[in-house]
Amino acid sequence: MGKDTEAPVVPDAQYHFLQGEMLSQQGDFAGALREYEAAAESDPDSIDLLFRVAQTQLALGNVGAAEKTLRRATETDPLNYVAHALLGKLYYNTARMDQAVEEYRLATQAQPYNLEGLLLYGALL
């Protein structure tokens with residue numbers, strides 16, 4: 001498990017999360033996604049799980065599903081800087097600049113003193 005990610009507190013979610021981490025490390029992203037999604041069913045409000053699901057969906061090339069997952073993360077925690085920043089990055093990488101600007105704006109509102117967010121937002125204006 002990465003040092004920047006906390007395992008979910010729900011036992012079933014934690015088991016599936018750890019399985020997903022193992023499979024992801026082995027390069028089995030489809031298997032990892034199944035485990036992360038199972039973990040998210042047990043702990044649907046876990047932002048960390050939603051991030052892992054979205055990252056794995058992107059690794060599998062499923063941008064639409066990753067967008068939907070990140071949107072769910074922003075709805076679950078509207079003030080989560082990382083959720084808005086990741087969604088902004090997804091929009092930027094898919095040339096949807098107006099949406100990218102909006103997500104970076106929301107990210108900077110969530111953390112107005114985050115220099116990285118301010119720089120990214122300013123670069124898009």
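Trainee: What is the relative accessible area of Glu103?
Mentor: The model is predicted, so local features are used only at pLDDT of at least 70 and side-chain atom pairs only at pLDDT 80 or more, while totals for chains, interfaces and linings use all residues. Residues are numbered from 1 along each chain as its sequence is written, and side-chain values use heavy atoms, with hydrogens and water left out. Buried means under 20% relative accessible area, exposed over 50%, and partly exposed in between (1.4 Å probe, protein chains only). Glu103 is buried because its relative accessible area is 3%.

Trainee: Which residue forms a salt bridge with Glu103?
Mentor: A salt bridge requires a side-chain nitrogen of Lys or Arg within 4 Å of a carboxyl oxygen of Asp or Glu. The closest N and O atoms of the pair with Glu103 are 2.9 Å apart, and the partner is Arg71.

Trainee: Which helices does the pair of Arg71 and Glu103 tie together?
Mentor: Helices (H or I, at least four residues) and strands (E, at least two) are DSSP runs, numbered from the N terminus. Arg71 is partly exposed at 27% relative accessibility. The two residues are 32 apart in sequence, so the pair ties together separate parts of the chain, helix 4 (residues 63-76) and helix 6 (residues 97-110).

Trainee: How many salt bridges does the structure hold?
Mentor: One of them joins Glu21 and Arg52, with the closest N and O atoms 2.7 Å apart. Glu21 in helix 1 (residues 11-25) and Arg52 in helix 3 (residues 47-59) are 31 residues apart, so this pair links distant parts of the chain. Glu21 is buried at 9% relative accessibility, and Arg52 is buried at 15%. The number of salt bridges in the structure is four.

Trainee: By about how much of the helix are Glu102 and Arg105 separated?
Mentor: The side chains of Glu102 and Arg105 meet in a salt bridge of 2.5 Å, N to O. Glu102 is partly exposed at a relative accessible area of 33%, and Arg105 is partly exposed at 26%. Because the two are three residues apart in helix 6, their separation is about one helical turn.

Trainee: What arc do the buried residues of helix 1 cover?
Mentor: In helix 1 the buried residues are Ala13, Phe17, Gly20, Glu21 and Leu23. An arc is taken from the directions from the helix axis to the C-beta atoms. These residues lie on the same side of helix 1 because their arc around the axis is only 165 degrees.

Trainee: Which residues are exposed on the other side of helix 1?
Mentor: The cover over the buried residues of helix 1 includes helix 2 (29-42) and helix 3. On the other side of helix 1, the exposed residues are Pro11, Asp12, Tyr15 and Gln25.

Trainee: How far does helix 1 reach from its first C-alpha to its last?
Mentor: The expected span of a helix is 1.5 Å times one less than its number of residues. Helix 1 has 15 residues, and its reach is close to the expected value, at 21 Å.

Trainee: How many aromatic pairs does a search of the whole structure find?
Mentor: Rings of Phe, Tyr and Trp (its six-membered ring) pair if their centres lie within 6.5 Å; planes under 30 degrees apart count as stacked, over 60 as edge-to-face and the rest as tilted. The search of the whole structure gives a count of one.

Trainee: At what angle are the ring planes of Phe17 and Tyr36?
Mentor: Phe17 is buried at a relative accessible area of 0%, and Tyr36 is buried at 1%. The ring centres are 6.0 Å apart, and the pair is tilted because the planes stand at 50 degrees.

Trainee: Which residues does Thr56 contact, leaving aside its neighbours within four places in sequence?
Mentor: Thr56 is found in helix 3 and is buried at 5% relative accessible area. Contact means heavy atoms within 4.5 Å. With the neighbours within four places left aside, Thr56 is in contact with Phe29, Ala32, Leu33 and Tyr36.
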